Amino acid sequence: MMVNNVSAVEVVSPILHQKGLQSLVGVSLPVEEGVIGVLHVGNFKSHNFTERDVQQLQLIAHPLGLIIADARL
């Protein structure tokens, strides 16, 4: 998910608006059983996230999801 203008969309967490985030990108944290969360990266200035940004976050999200799932055991 890429949101290049947070103020133009409805977000679940009011903290995003309160903190002044302008742009946001998120990828799922996958595990074998499904998804355990979402990794968000935000910017306080207007920023156009790209598909490459998403791909790089996915590279981080996969092992991070496994680490979190392992820690929950």
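Reader: Which pattern does the protein follow along the sequence?
Author: The model is predicted. Its secondary structure comes to two helices and three strands. Read along the sequence, these elements follow the pattern β-α-β-β-α.

Reader: In what order do the three strands stand in the open sheet?
Author: β1 and β2 pair in the antiparallel sense, over two bridges. β2 and β3 also pair in the antiparallel sense, over nine bridges. The open sheet therefore has the order β1-β2-β3.

Reader: Why is one side of β1 and of β3 left without a neighbour in the sheet?
Author: The sheet is open, with three strands in antiparallel pairing. β1 (2-3) and β3 stand at its edges. One side of each is left without a neighbour because each has a single partner strand.

Reader: How many residues lie between β2 and β3 in the hairpin?
Author: β2 covers residues 23-31, and β3 covers residues 34-43. The two strands form a hairpin. The number of residues between them is two.

Reader: Which residue is the bridge partner of Leu-24 in β3?
Author: β2 and β3 are joined by nine bridges. On the other pairing, Met-2 has Val-25 as its bridge partner in β2. For Leu-24, the bridge partner in β3 is Gly-42.

Reader: Is Ser-23 buried or exposed?
Author: Ser-23 is found in strand β2. Leaving aside neighbours within four places in sequence, its contacts include Val-3, Val-6, Val-41 and Phe-49. Buried means under 20% relative accessible area. Ser-23 has 0% relative accessibility, so Ser-23 counts as buried.

Reader: Which backbone oxygen lies 3.1 Å from a polar atom of the Ser-23 side chain?
Author: Beyond four places in sequence, Ser-23 is in contact with Asn-4, among others. A polar atom of the Ser-23 side chain lies 3.1 Å from a backbone oxygen. That oxygen belongs to Asn-4.

Reader: Is Ser-46 buried or exposed?
Author: Ser-46 is found in the loop between β3 and α2 (51-72). The cut-off for exposed is over 50%. At 64% relative accessibility, Ser-46 therefore counts as exposed.

Reader: How far apart in space are Ser-46 and Ser-13, C-alpha to C-alpha?
Author: Ser-46 sits in the loop between β3 and α2. In sequence, Ser-46 and Ser-13 are 33 residues apart. In space, C-alpha to C-alpha, the separation is 19 Å.

Reader: What class does the accessibility of Val-38 give?
Author: Val-38 has its place in strand β3. Not counting residues up to four places away in sequence, Val-38 touches Gly-26, Val-27, Ser-28 and Leu-29. Its relative accessibility is 46%, so Val-38 counts as partly exposed.

Reader: What percentage of the residues in the protein is buried?
Author: The protein has 73 residues. It exposes about 5,300 Å², and carbon and sulfur atoms supply 57% of that area. The buried share of the residues is 22%.

Reader: How far apart are the mean positions of the positive and negative charges?
Author: The C-alpha trace spans about 35 × 25 × 15 Å along its principal axes. The protein has 4 positive and 6 negative charges.

Conventions:
Residues are numbered from 1 along each chain as its sequence is written. This is a predicted model: local features need pLDDT of at least 70, side-chain atom pairs count only at pLDDT 80 or more; totals for chains, interfaces and linings use all residues. Side-chain values use heavy atoms; hydrogens and water are left out. Helices (H or I, at least four residues) and strands (E, at least two) are DSSP runs, numbered from the N terminus. Buried means under 20% relative accessible area, exposed over 50%, partly exposed in between (1.4 Å probe, protein chains only). Accessible areas come from the Shrake-Rupley method with a 1.4 Å probe; for residues, only the protein chains shown count as cover. Lys and Arg count as positive and Asp and Glu as negative; His and the chain ends are not counted. The place of a charge is taken as NZ of Lys, CZ of Arg, CG of Asp or CD of Glu. A polar contact is a pair of N or O atoms within 3.5 Å; within protein, one must be able to donate a hydrogen and the other to accept it, and residues adjacent in sequence count only if both atoms are side-chain atoms. Contact means heavy atoms within 4.5 Å. Two strands pair if DSSP finds at least two bridges between them.
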